[in-house]
Amino acid sequence: MAGLFITFEGPDGAGKTSVLAQLLPLLKQQAQKQIIETREPGGNPISEAIRRIILDPKNTAMDKRTEALLYAAARRQHIVEKIRPVLAADKIVLCDRFVDSSLAYQGSGRQIGISAVAKMNEFATEQLTPDLTLYLDVPSKLGLTRIAAHRQEQNDRLDQEALSFHQKVRQAYLDLAKSHPDRIKIIDATQALTTVIADCQQMIIRTYPAWFK
Ligand SMILES: Nc1ncnc2c1ncn2[C@@H]1O[C@H](COP(=O)(O)OP(=O)(O)OP(=O)(O)O)[C@@H](O)[C@H]1O
Ligand SMILES: Cc1cn([C@H]2C[C@H](O)[C@@H](COP(=O)(O)O)O2)c(=O)[nH]c1=O
């Protein structure tokens, strides 16, 4: 598969959305190919509809395996409709979350098990793996504090989980980064936003110099 597939991961409140919003125009100025930004769950109408169901705080009855299957279903549609066609056109995809989120949140946070969730996602992804993953690391308490301090709308169903859930998620991400050091790069997201953005920009351009001016 041609193209360049870069994902952004992190616990809730790590700053992925803020970083991507400011990083995208910077990278677009330097990129040799078109960049498409997208997110999970979402990125197309069907997956955005699934997102609304998963994150709706009213859906307290949702079983943890149902949740894992819904994330994988949204991912499958996203890959087929958007990610694969963009990569096949030799363009760059920047994606806010991908399979690592399912491994950390459902595999570890929900305690379904990393290998069970990985296996389920192999069916959805047919082995599509990011070329590079920037993991924005923050202590869980800081991420949740940021969300509480700034978010206007009601917290979604996952944000509302206990601190211990979010701590399991963070530890799983750190373990994943240790197991995949070539793909997953840790970015210190406790720093000022401008520094986090600069670190992400540098990491991408240093890793793929041929793709950027
Ligand atoms: N480096 C930073 N320093 C201080 N505040 C930050 C930083 N990065 C983001 N924030 C603030 O933290 C809040 C959460 O950031 P953001 O929504 O970008 O995180 P996120 O990783 O996308 O979270 P989620 O996954 O829960 O959607 C925002 O209000 C944002 O302004
Ligand atoms: C892809 C994916 C996401 N999640 C969780 C992580 C967040 O709490 C929400 C998504 O919200 P965001 O504001 O876009 O970060 O969903 C998950 O548990 N599993 C996944 O595979």
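Colleague: What makes one say that β1 is mostly covered?

Modeller: The model is a predicted one. In it, six of the six residues of β1 are buried. A residue is called buried if 20 or more other C-beta atoms lie within 10 Å of its own, and this is the sense in which β1 is mostly covered.

Colleague: How do you know that both faces of β1 are covered?

Modeller: In a regular strand the side chains alternate between the two faces of the sheet. On one side of β1 stand Leu4, Ile6 and Phe8, and on the other Phe5, Thr7 and Glu9; all of these are buried.

Colleague: Which strands are paired with β1, and in what sense?

Modeller: Two strands pair if DSSP finds at least two bridges between them. Five bridges join β1 to β3, and the two run parallel; here Leu4 has Ile92 as its bridge partner. With β4, β1 has four bridges, again in the parallel sense, and Leu132 is the partner of Ile6 there.

Colleague: Why are β2 and β5 said to stand at the edges?

Modeller: The five strands form an open sheet in the order β2-β3-β1-β4-β5, with parallel pairing. β2 and β5 each have a single partner strand, so one side of each lacks a neighbour in the sheet. From one strand to the next, the twist averages 20°. For β2 the partner is β3 (residues 92-96), joined to it by five parallel bridges; Thr38 stands opposite Cys95 in β3.

Colleague: Why is Pro41 called buried?

Modeller: Pro41 has 24 other C-beta atoms within 10 Å. The term requires 20 or more, and therefore Pro41 is buried. Pro41 is found in the loop between β2 (35-39) and α2 (45-55). Leaving aside neighbours within four places in sequence, Pro41 is in contact with Ser47, Ile50, Arg51, Ile54, Tyr71 and Ala74.

Colleague: What places Pro41 in the surroundings of ligand 2?

Modeller: A residue counts there if its C-beta atom lies within 6 Å of the molecule. Pro41 is one of the residues that surround ligand 2; among the others are Asp12, Arg39, Glu40, Tyr71 and Asp159. α4 gives the most to this shell, with four residues. By class, the shell around ligand 2 has four nonpolar, three polar and five charged residues.

Colleague: How many residues surround ligand 1, and which are the closest?

Modeller: Ligand 1 is surrounded by 16 residues, the closest being Gly15, Thr17, Ser18, Arg146 and His150. At least two residues of the shell come from each of α1 (16-30), α6 and α8 (193-207). The shell around ligand 1 holds six nonpolar, six polar and four charged residues.

Colleague: Which residues of α7 are buried, and what do they pack against?

Modeller: The buried residues of α7 are His166, Lys168, Val169, Arg170, Ala172, Tyr173 and Leu176. They pack against β1 (4-9), α4 (99-109), β4 (132-137), α6 (140-150) and β5 (184-188).

Terms used:
Residues numbered from 1 in each chain as written. Chains lettered and ligands numbered in written order. Predicted model: local features only at pLDDT ≥ 70, side-chain atom pairs only at ≥ 80, totals over all residues. Buried ≥ 20, exposed ≤ 12 C-beta atoms within 10 Å, placed from the backbone. Contact = placed C-beta atoms within 7 Å. Nonpolar A, V, L, I, M, F, W, Y, C, P; charged D, E, K, R; others polar. Axes fitted to C-alpha atoms, helices over the stretch in contact; angles between N-to-C directions.
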